[in-house]
Amino acid sequence: AKTRAKPMNDAADNQRLIEMGRDALRIEARAVAALVDRLGADFESACRMLLACTGRVVVSGVGKSGHVGGKIAATLASTGTPAFFLHAAEAGHGDLGMVAKGDVVLAISYSGETSELLTILPLFKRMGAPLIAMTGSPQSTLAREADAHLDVSVPAEACPLNLAPTASTTATLAMGDALAVALLKHRGFTEADFARSHPGGSLGRRLLLRVSDVMRTGDDLPKVGPDMALPEGLLEMSRKRLGMTAVVDADRRVVGIFTDGDLRRALDRRIDVQKARMADVMTKGPRTIGPHELAAEAVLMMEKYSVNGLLVLDADGVLVGIFT
């Protein structure tokens, strides 16, 4: 029968809700903290197996353990350890073909007696796949069969009935994170490595986007010679609509830059606009950057020097673009 929640309208009832939530968090926090002193030889062995893996890490489980396993597989895959999740029930109906020589199996079952996992264990063994188990029962069948066992047992679930997997799934998830972090640190996994597996995220854009990907080039690139008359230079700026133009010599090497600000300063000096040449009004020694630098670095450079654009030069000092 469907249980109806009691109406809670007074301050005491509201405070009780908050305290129940706090109790759950305290229980789960203690469960995770208890894992720290358990990490020892088996954790080291598990890490060594994963570091030596020439294939992929096959994470398997069912139920809540399966859901946690999916997240662990995703975390491993995004931090330099190729991994995927294999539902233990589906493995016996054809998905076991996803497992190949060189793979390592990470099997998750809090009881250590999940029938779907135990059914396929002999097949993993026959393939020679090393087995890492995460269970809450070191004496269980799965723990005994494993090459390395990670104990994720908890004294109690956060669920007041001690039935719904809560603290145990949190502990299992934390153990998976501990594995992933230990592996990425040992491999020297960097921000750039992480970005390559997250190209659509903000970090990926920050670490993968280069100046050459977004700079103005070709006919969109405003450039004039130092001897060009100022009115012609202004026309070039107007056509290209960047509020600036590079000033280059015959070999396209930069000798200066001319911006809207330079025009205002020239007018303040009451310069003869009709007679002035670009060399008379340009700014020498402009800020430049290489095409292979990160776009994020270019933005930081612009902010640091309070400029609206950077001239992009190749290794020979030739103008190849403008970054705005």
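Analyst: Start with the whole chain. Among contacts between residues at least 6 apart in sequence, 61% join residues at least 24 apart. This is a predicted model. The protein chain has 14 helices and 11 strands. Its radius of gyration is 31 Å, well over the 20 Å that the globule rule gives for 324 residues, so the chain is more spread out than a compact globule. Along the principal axes, the C-alpha atoms fill a box of roughly 90 × 60 × 35 Å. Of the 324 residues, 38% count as buried.

Now the helix itself. The focus is H7, residues 167–187.

Take H3 first. This helix covers residues 63–78. H3 and H7 pack at an angle of about 15°, and their axes lie 10 Å apart. An angle under 35 degrees counts as roughly parallel. H3 and H7 are therefore roughly parallel to each other. Their crossing is right-handed. On the H3 side, the contact is made by Lys64, Val68, Lys71, Ile72, Thr75 and Leu76. H7 supplies Thr169, Thr172, Leu173, Gly176, Asp177, Ala180 and Leu183. By type, the residues of this contact divide into six nonpolar, four polar and three charged.

Next comes H2, residues 41–52. H2 and H7 pack at an angle of about 55°, with their axes 10 Å apart. That angle makes H2 oblique to H7. H2 also passes H7 in a right-handed crossing. From H2, the contact uses Phe43, Ala46, Cys47, Arg48, Leu50 and Leu51. From H7, it uses Met175, Ala178, Leu179, Ala182, Leu183, His186 and Arg187. The residues here divide into 10 nonpolar, one polar and two charged.

Look at Leu183 of H7. It takes part in the contact with H3, and Leu183 is also listed in the contact with H2.

Asparagine 162 is found in the loop between strand E5 (148–151) and H7. Its phi is near 55°, a positive value in a residue other than glycine. At 43% relative accessibility, asparagine 162 counts as partly exposed.

A second residue has a phi near 55°: arginine 270, again a positive value in a residue other than glycine. Arginine 270 is found in the loop between helix H12 (260–268) and helix H13 (278–281). It is exposed, with a relative accessible area of 75%.

Threonine 172 belongs to the H7 side of the contact with H3. Its C-alpha atom is separated by 48 Å from that of phenylalanine 323, and the two residues are 151 apart along the chain. Phenylalanine 323 sits in strand E11, residues 319–323. At 5% relative accessibility, it counts as buried. Leaving aside neighbours within four places in sequence, phenylalanine 323 is in contact with Val211, Val214, Ala295, Ala298, Val299, Met302, Asn308, Gly309, Leu310 and Val312.

To recap the packing: H3 is roughly parallel to H7, whereas H2 is oblique to H7.

Terms used:
Residues numbered from 1 in each chain as written. Predicted model: local features only at pLDDT ≥ 70, side-chain atom pairs only at ≥ 80, totals over all residues. Heavy atoms only, no water. Axes fitted to C-alpha atoms, helices over the stretch in contact; angles between N-to-C directions. Helix = DSSP H or I, 4+ residues; strand = E, 2+ residues; numbered from the N terminus. Parallel < 35°, antiparallel > 145°, perpendicular 65-115°, else oblique. Left-handed = near helix turned anticlockwise from the far one by under 90°. Contact = heavy atoms within 4.5 Å. Nonpolar A, V, L, I, M, F, W, Y, C, P; charged D, E, K, R; others polar. Rg over C-alpha atoms; globule rule 2.2 N^0.38 Å. Buried < 20%, exposed > 50% of the residue type's maximum accessible area, 1.4 Å probe, protein only.
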